[in-house]
Amino acid sequence: MEDLTGIFFIPAMLNKSTSSLLPAIEDNKLAWFPREILKPMIEPELAIGDGKIYDEVVSDGIYNIYKIANWQEYIDYCKNIYEKTTTNLKVFLNENEQFEKSIINIDVIESFYANKTGKNNSLIREIEQKIEKINQYLQQFICEMRKLKKYNIDDSKIISNKDELDIWLYTNVRYISFWLAVHYYEARWLEGDYSVTDNQKGTTFENVLKKFYKRLSMIMPCMVMTFYMLPKQFEPYNIEGNEQYLYNIIDTLIVDEAGQVSTDVHSL
């Protein structure tokens, strides 16, 4: 046995009467590996298979050997033992690489890692897309901060929460936003936006009143009046004589000293 140079041996019987070789089934001689080339008798890097796996394969298929009827079935049986023993890679798996307890063959491993690779590639693409969006937002932020610097707005302080952001916007952006809005609507007023014709001036038709207040708000966005004046200012002419008001024309209604207003007045 010491002179054997093979790694896998398939027993056969010689029939003296016919001088032919037969599968060694009757004597229960099974295909085998020299133990010195299987784990744990040799280092995992040098082993061609696992001795424990070989024992499991042989034990699980011990009764199948009696069903073998010819050489082809015998070769297939031995080939199954060889492939399952030599292609099992459990000795090289990490703790997080979990397979079923059953014998692993190369197809199972390839399928497992193909699926794992596909999921990882999808995750990588999602991360790359998120990184791209973050870079776009970063460039947009840098561009906007450069614009603010033109108006001497300090951006050196790092903003870490919503409250700090509110304070920063109120003390920095609010003024320039107000300044730009004032002059923007002044320019539109000068250009004649929402102007009324000479014939429309002094009338209280609904379309005329809407134009009038939109144009007036460009240079006078805040109007002050009493509860008694308010309904009359927003009551357009109605040919049928019914009461009709411009209910949706006021953006924000602020009532000063609301607690001192009589119920019969403010409820109307």
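At 37% relative accessibility, aspartate 55 counts as partly exposed, where buried means under 20% relative accessible area, exposed over 50% and partly exposed in between (1.4 Å probe, protein chains only). The model is a predicted one, in which local features need pLDDT of at least 70 and side-chain atom pairs count only at pLDDT 80 or more, whereas totals for chains, interfaces and linings use all residues. Residues are numbered from 1 along each chain as its sequence is written, and side-chain values use heavy atoms, with hydrogens and water left out.

The protein chain has seven helices and four strands, these being DSSP runs numbered from the N terminus (helices H or I, at least four residues; strands E, at least two). Along the sequence, the order of these elements is β-β-β-β-α-α-α-α-α-α-α. Of the 268 residues of the protein chain, 21% count as buried.

Four salt bridges are present in the structure, each defined as a side-chain nitrogen of Lys or Arg within 4 Å of a carboxyl oxygen of Asp or Glu. In one of them, the side chains of arginine 35 and aspartate 55 meet at 2.5 Å, N to O. Because arginine 35 lies in the loop between β2 (20–23) and β3 (38–39) and aspartate 55 in helix α1 (residues 51–60), the pair ties together parts that are 20 residues apart in sequence. Arginine 35, with a relative accessible area of 36%, is likewise partly exposed. Another salt bridge joins aspartate 198 and lysine 201 (3.5 Å, N to O); aspartate 198 is exposed at 64% relative accessible area, and lysine 201 is exposed at 53%.

Aspartate 193, partly exposed at 21% relative accessibility, forms a salt bridge with arginine 188 (2.7 Å, N to O). Leaving aside neighbours within four places in sequence, arginine 215 is in contact (heavy atoms within 4.5 Å) with Trp189, Gly192, Asp193, Tyr194 and Ser195.
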